[in-house]
Number of protein chains: 2
Amino acid sequence: MEKTSSLVHFCFISCLVFFIFAASWYHPSNSSSPDNSLQTTWRTFKNRIFSTSVLETRVQKSIDHAAETPHHPLDPLTAQEINSVRSILSSYEPFASTFPIIHSLTLDEPDKLEVLRWRKGGRFPPRKASVLAMLNGESHVLTVDLDSSRVTSHAVNPRSGYPMLSVEDILAASKVPFSNAEFNKSIAARGISLSELICLTPFAGWFGPNEEGKRIIKVLCFSSEGTPNFYMRPIEGLVMTVDLDTLEVLKFSDTGRGIPIPNSTNTDYRYNAHEKEPEMEPINPISMEQPEGPSFKVEDGHMVKWANWVFHLKADQRAGLVISRAMVRDSENGELRNVMYKGFSSELFVPYMDLEESWYFKSFMDAGEFGLGMSALPLVPLNDCPRYSYYMDGVFAASNGKPYVQPNMICLFERYAGDISWRHSESQLLDSQIRETRPKVTLVARMAATVGNYDYIFDWEFQTDGLIRIKVGLSGLLMVKGSPYHSLYQVPNQDAMSGPFISENVIGVVHDHFITFHLDMDIDGVNNSFVDVKLVKEHSLPGESPRKSYLKTKRKIAKTEKDAQIKLKLYDPSEFHMINPSRRSRLGNPTGYKIVPGGTAASLLDHDDPPQLRSAFSNNQVTPLSFLCLDSKFLHTLLSHFVEQIWVTLYNKSEQWAGGLLAYQSRGDDTLAVWSERDRPIENKDVVLWYTLGFHHIPCQEDFPVMPVVTSGFELKPVNFFERNPILRAAPAFEKDLPVCRPGASA
Amino acid sequence: MEKTSSLVHFCFISCLVFFIFAASWYHPSNSSSPDNSLQTTWRTFKNRIFSTSVLETRVQKSIDHAAETPHHPLDPLTAQEINSVRSILSSYEPFASTFPIIHSLTLDEPDKLEVLRWRKGGRFPPRKASVLAMLNGESHVLTVDLDSSRVTSHAVNPRSGYPMLSVEDILAASKVPFSNAEFNKSIAARGISLSELICLTPFAGWFGPNEEGKRIIKVLCFSSEGTPNFYMRPIEGLVMTVDLDTLEVLKFSDTGRGIPIPNSTNTDYRYNAHEKEPEMEPINPISMEQPEGPSFKVEDGHMVKWANWVFHLKADQRAGLVISRAMVRDSENGELRNVMYKGFSSELFVPYMDLEESWYFKSFMDAGEFGLGMSALPLVPLNDCPRYSYYMDGVFAASNGKPYVQPNMICLFERYAGDISWRHSESQLLDSQIRETRPKVTLVARMAATVGNYDYIFDWEFQTDGLIRIKVGLSGLLMVKGSPYHSLYQVPNQDAMSGPFISENVIGVVHDHFITFHLDMDIDGVNNSFVDVKLVKEHSLPGESPRKSYLKTKRKIAKTEKDAQIKLKLYDPSEFHMINPSRRSRLGNPTGYKIVPGGTAASLLDHDDPPQLRSAFSNNQVTPLSFLCLDSKFLHTLLSHFVEQIWVTLYNKSEQWAGGLLAYQSRGDDTLAVWSERDRPIENKDVVLWYTLGFHHIPCQEDFPVMPVVTSGFELKPVNFFERNPILRAAPAFEKDLPVCRPGASA
């Protein structure tokens with residue numbers, strides 16, 4: 001009886017389902033919607049969690065998603081369209097007896113040229129859906145045409161790997177260990193109450209032939225006794241390997257019996273849990289104020305217009321936030337010019353640096369395994385985003401094919417941070433002194449994905465000078481390891497630890513984060529070239545100059561994809577330009593944008609290490625192969641250039657996900673590295689730029705119990721795109737225009 | 001007659017004197033001061049320029065600098081003290097007949113231990129001045145004791161190089177070419193009216209034996225016809241080499257007769273010069289509002305207190321902005337803990353990449369040759385710094401030894417940019433969802449130095465989590481080269497150009513910027529150790545794990561200075577920690593800060609290239625020597641490790657300036673590279689960390705006629721310094737606390 005009730009308890013509290021739950025409650029504004037189709041799979045659960053108060057400062061008009069219709073060819077599938085796809089699939093013959101589990105159901109974007117041809121009010125390209133589903137252990141990849149109400153393509157197990165995890169998968173797997181005698185024995189032996197147990201299942205990976213031919217998941221548990229921050233209380237060394245389809249425990253491993261569960265002291269990070277204030281002088285209220293309102297408009301739900309920018313913004317279950325059709329107005333002639341067709345975070349690879357049985361498999365591919373959009377919980381007004389932010393919801397399909405709303409998933413706001421756009425002071429002239437300075441105001445589109453323990457903040461920031469800055473902030477809770485030792489004072493061999501102590505009995509395991517962005521640049525049109533503008537050291541000739549050395553730029557246009565596999569080098573510097581060779585400025589320079597790298601950490605894992613094989617990052621060594629059971633020609637191809645920080649590939653609508661369409665347990669046969677290895681010609685073609693932002697993370701005490709945000713980013717910056725500084729004529733700020741403010745109600 | 005009047009005109013408009021003029025007007029609040037000692041050298045000039053309106057939004061109480069007294073041992077010399085030093089020097093026997101030209105007159109800071117011992121209200125360490133002066137072509141380095149009214153040390157020509165340029169130097173040199181027949185002939189031949197001529201003299205350098213034994217300056221001219229942006233109108237190829245002491249023209253070079261002066265079209269960047277608005281939607285007013293005022297205090301003129309930070313802030317004629325005694329309060333126990341004894345930009349090296357006769361010498365050392373503080377013109381309220389900024393003046397000595405005020409030179413403001421301090425969302429728990437997010441508010445100290453054409457914005461940003469971010473923004477006007485060709489379409493050999501076309505007949509010459517920061521870290525006390533925490537790739541043993549490779553941290557404590565000559569490597573990554581080995585956390589980790597690199601461009605110039613010899617930056621190759629006339633042992637020492645991005649040296653009060661105390665025409669015998677080469681022991685000692693921020697700049701059309709700001713920076717971040725996240729208990733933002741605003745007067 002005790003066991004049964006615990007199991008019931010467990011079912012409710014223990015696994016990723018709640019994580020997805022929370023992300024899938026009804027939109028408050030829709031709770032009275034007459035269209036029940038917006039209710040989710042999870043409506044039957046009684047203890048469904050509803051949010052309160054997160055919308056309290058939201059002033060924008062709420063959208064009735066049930067009544068929404070698409071206004072742009074790139075608009076995501078509406079709730080009605082998702083319902084239509086479900087109906088079409090229900091009557092599709094192969095699924096007639098059993099409706100499959102829907103792992104992904106999104107817009108199959110029309111061909112680029114159709115989108116580019118489309119004008120507002122014109123005929124819409126056909127609306128199609130791309131569906132990833134599982135049935136009887138097999139992956140189904142389908143295209144559904146909404147206009148003709150037909151399935152127009154259907155492939156079964158097209159390649160290695162599976163769709164991202166469904167809620168059903170997670171829920172089913174997380175029940176398994178509780179009926180496992182060894183597990184219960186181990187939990188009892190450790191003196192842990194089942195009621196405080198939180199088990200998580202977001203662990204997969206692929207590690208060679210032993211784990212092929214079946215869907216595998218790992219299950220790990222934590223204690224939530226005395227804290228909501230159970231991540232700091234791992235039950236170390238206890239790990240179950242479960243077959244997701246047969247629900248068998250393939251392997252039970254319990255190596256951590258001597259390791260205490262770390263104490264809950266100081267782990268609670270909630271504001272209400274703290275009585276004492278921190279030892280610092282209070283900070284007076286400060287706010288970015290815009291009493292006349294923000295200057296941007298969001299038209300038809302997705303078209304953002306601000307200053308000189310126009311772009312399409314949408315939520316995506318896998319990528320999170322997608323920017324499309326980004327265009328900037330030429331400040332001279334008013335022409336709206338193409339910059340980027342599509343930009344999004346394509347994959348997020350997080351390998352941990354510990355080989356032990358309960359750790360080696362922790363090498364996440366967060367976008368392809370869990371979905372960044374799926375993981376994006378509602379943003380908290382005033383804290384995640386400033387006042388005057390506009391919030392955008394996601395409308396996604398649940399695993400039964402029904403639509404649900406992920407509210408406040410993206411925010412959009414204008415930012416003035418006290419920064420300067422340009423300045424010059426001049427005092428060399430007689431008749432006037434010059435003090436010309438322009439404040440910098442930008443537009444930010446933000447999303448925060450909470451992939452289990454980690455929080456990733458994605459910012460796309462647009463500047464009036466044409467620059468786009470893409471930043472990723474890391475926060476949240478560390479994935480920690482229990483240690484038999486209390487502190488460093490007890491440790492016999494510090495070198496054997498996989499990370500530093502960050503609390504008593506808690507080790508912060510060293511890990512990396514690599515975020516690969518898909519950047520389909522279309523500078524002034526679809527056909528672009530990628531140019532490596534090298535800075536090369538030259539020497540003067542004898543007697544030529546008192547100087548001995550200088551730098552010279554050497555431009556090298558990438559002819560094929562391999563020419564554009566770029567490993568950044570500090571001592572062999574380059575600028576990397578995407579240019580339109582067919583459009584030149586009045587001075588003869590091709591119009592272009594450059595990518596300004598940042599967050600340049602590179603993966604140092606062996607290229608034939610399984611996690612590395614599956615993720616497009618690396619060093620470019622070639623070393624001998626070992627156990628991998630792939631054919632050697634393929635592997636040779638795959639490994640010979642294993643992943644740089646910058647890549648350029650020929651545009652191919654199907655090559656969106658750097659880790660492959662089916663990333664879960666994939667073997668690396670559908671990655672960016674494989675596509676690039678085809679070495680297609682890319683000069684003056686429609687090409688895609690890929691950039692990987694990297695972080696090495698050696699944890700420290702300050703990361704406990706919740707990490708201060710660490711941010712890095714890169715920029716896309718106009719280079720000879722404009723005829724001159726596009727904000728030369730921008731106005732300075734004047735006192736008379738600024739708001740008149742008084743202290744808030746509580747002052 | 002025509003010539004004479006032009007010469008007079010030239011005297012007023014043509015040279016750096018006005019630049020320094022503008023920086024030395026009376027402080028408005030002091031213009032009625034009874035103490036005339038605050039008037040400057042330049043009061044006799046009739047056409048002295050006064051500022052208007054820059055202070056219009058300044059609400060803080062203005063300071064009567066004439067009456068100021070020091071409150072802290074590190075406070076800069078007051079106007080009264082500067083006057084005292086001048087009196088002492090006037091009656092000093094060697095200067096009895098002729099008062100020298102004062103090139104620098106600043107506080108000689110007391111010994112560190114005296115400063116650390118000092119408590120408010122306690123006895124002051126003796127006040128001393130450090131003076132650099134020139135007399136009869138000789139450099140004088142003096143110490144003046146204000147308490148005893150005596151010169152306590154005096155060295156003449158202690159090493160190669162001279163003090164930074166004085167206004168007298170510049171004024172005298174800039175008159176020389178006008179009485180030169182060749183110059184006048186050349187100007188006339190080009191059809192240039194002397195009245196539109198602007199000649200500048202900020203070009204020096206040192207290029208081997210031909211330029212030793214005398215002070216050299218180069219003079220270049222520009223046309224201001226039709227534009228205040230004369231920098232875009234170079235009279236290419238015309239350069240005079242002048243002996244600063246004899247005022248002889250040593251060399252006249254005129255190689256650019258076929259090169260037209262670029263057109264003035266579109267070069268004016270002043271707001272009032274533009275009638276047309278840019279082609280973009282207007283941006284509504286936006287402002288960081290704090291109706292209850294900012295939360296920081298500035299006590300006794302220099303002590304800044306904000307949130308958990310306390311530091312001493314002052315203006316310096318050479319470094320610009322100096323942060324001293326930075327301490328952060330421990331959020332757990334309230335202890336005020338030492339972080340950094342002193343931090344400032346020590347040198348700024350800008351080599352241009354063109355070997356031609358009129359270009360090769362352009363390799364500036366802006367701090368040591370011109371002074372970043374000397375070049376810091378008043379900040380523009382609302383545009384350079386947000387509302388609610390506090391402005392701090394500089395009080396400096398003019399070349400006659402009299403004090404003058406450089407107003408509004410530094411601003412201090414709180415910043416909320418819509419960023420997040422930390423966050424986590426949690427939905428895995430039954431009883432509550434968690435949405436915890438904390439907005440990020442920081443404190444920024446800013447200065448903008450306009451060193452001729454370029455503007456450098458220096459930001460020191462303090463975070464409540466203990467992080468210090470140091471950023472440099474580059475803006476202003478490029479140093480451009482006239483081209484005989486109109487555009488790329490006419491150029492026979494693009495490779496022969498030293499940069500791209502950025503306007504008609506205008507080439508933006510490729511150049512670098514390297515800013516070296518002196519960071520005297522004193523983590524929890526003066527004795528610290530520098531640790532290279534390497535991330536090393538390790539391989540698993542056969543059968544040990546399905547994983548093949550992982551990263552492991554290896555800590556290496558630098559024993560001597562050479563161990564801490566660090567060249568950053570992307571594929572051999574490390575964290576660099578400054579720790580206090582005597583103070584450990586409860587877990588046994590030493591308390592520390594790490595330096596988080598950014599702006600990692602490295603200089604690629606040959607280490608024996610003269611500009612490189614003088615500046616501490618580099619690659620670390622050793623190549624054979626050529627023409628340099630230095631003794632070989634010294635050169636071997638100097639070149640064997642020629643300058644990394646990170647250095648750590650033993651603390652030595654005299655080692656403040658990375659390019660040497662006497663940087664002007666120095667030969668590199670007193671640089672950071674030389675000090676470090678002594679290889680002193682640095683483990684658990686009082687040490688100084690040096691970091692070089694680098695930018696490679698390939699100009700583009702967008703940089704014309706004024707450059708949008710390019711920013712880079714690095715961070716000093718606590719690592720096991722706090723027992724846990726120090727802002728764990730910080731409060732979120734609440735709607736009720738925020739200001740209530742209405743549109744400004746003009747709405």
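Is Cys199(B) buried or exposed, and what is its relative accessible area? Cys199(B) is buried, with a relative accessible area of 0%. The legends below walk through this predicted model, one close-up at a time.

**View 1. Chain A as a whole.**
Let us start with chain A, which holds ten helices and 32 strands. Chain A has 747 residues, and 68% of them count as buried. The accessible surface of this chain comes to about 23600 Å², with 50% of that belonging to carbon and sulfur atoms. How do the contacts run along the sequence? If we take the contacts in chain A between residues at least 6 apart in sequence, 69% of them join residues at least 24 apart.

**View 2. Cys199(A) and Cys221(A) form a disulfide.**
Over all chains, a search of the whole structure finds five disulfides, and this view shows one of them. The sulfur atoms of Cys199(A) and Cys221(A) lie 2.0 Å apart. This pair links distant parts of the chain, since Cys199(A) sits in strand E5 (residues 197-203) of chain A and Cys221(A) in strand E6 (residues 216-223) of chain A, 22 residues apart. The torsion about the S-S bond of Cys199(A) and Cys221(A) is about 100°, so the disulfide is right-handed. Cys199(A) counts as buried because its relative accessibility is 0%, under the 20% cut-off. Cys221(A), at 1% relative accessibility, also counts as buried.

**View 3. Cys199(B) and Cys221(B) are joined by a disulfide.**
Now we turn to chain B. Here the S to S distance between Cys199(B) and Cys221(B) is 2.0 Å. The two cysteines link distant parts of the chain: Cys199(B) belongs to strand E5 (residues 197-203) of chain B, and Cys221(B) to strand E6 (residues 216-223) of chain B, 22 residues apart. With a torsion of about 100° about the S-S bond of Cys199(B) and Cys221(B), the disulfide is right-handed. Cys199(B) has a relative accessible area of 0% and is therefore buried. For Cys221(B) the relative accessible area is 2%, so Cys221(B) is buried.

**View 4. Cys385(B) and Cys411(B) make a left-handed link.**
What is the S to S distance in the disulfide that joins Cys385(B) to Cys411(B)? The S to S distance is 2.1 Å. This pair, too, links distant parts of the chain, 26 residues apart. Cys385(B) lies in the loop between helix H7 (366-369) and strand E16 (390-397) of chain B, while Cys411(B) lies in strand E17 (residues 403-426) of chain B. The angle about the S-S bond of Cys385(B) and Cys411(B) is -90°, and the link is left-handed. Both Cys385(B) and Cys411(B) are buried.

**View 5. Cys700(A) and Cys700(B) are buried.**
Here is a brief look at one cysteine from each chain. Cys700(A) is buried, with a relative accessible area of 5%. Cys700(B) is likewise buried, with a relative accessible area of 5%.

**View 6. Chain A meets chain B.**
The size of an interface is often given as the accessible area lost when the parts come together. Chain A and chain B bury about 19100 Å² between them, and 57% of this is on carbon and sulfur atoms. The contact takes 213 residues from chain A and 212 residues from chain B. Across this interface there are 102 residue pairs in polar contact (both at pLDDT 80 or more). Strand E17 (residues 403-426) of chain A gives the most to the side of chain A that touches chain B, with 14 residues.

**View 7. A salt bridge joins Arg423(B) and Asp455(A).**
How many salt bridges are counted between chain A and chain B? The count is twelve. One salt bridge pairs Arg423(B) with Asp455(A), whose closest N and O atoms are 2.7 Å apart.

Methods
Residues numbered from 1 in each chain as written. Chains lettered and ligands numbered in written order. Predicted model: local features only at pLDDT ≥ 70, side-chain atom pairs only at ≥ 80, totals over all residues. Heavy atoms only, no water. Helix = DSSP H or I, 4+ residues; strand = E, 2+ residues; numbered from the N terminus. Buried < 20%, exposed > 50% of the residue type's maximum accessible area, 1.4 Å probe, protein only. Contact = heavy atoms within 4.5 Å. Areas by Shrake-Rupley, 256 points an atom, 1.4 Å probe, with all protein chains shown as cover. Disulfide = S-S within 2.5 Å. Buried area = accessible area lost by both parts, 1.4 Å probe. Salt bridge = Lys/Arg side-chain N within 4 Å of Asp/Glu carboxyl O. Polar contact = N/O pair within 3.5 Å; in protein donor to acceptor, adjacent residues only side chain to side chain.
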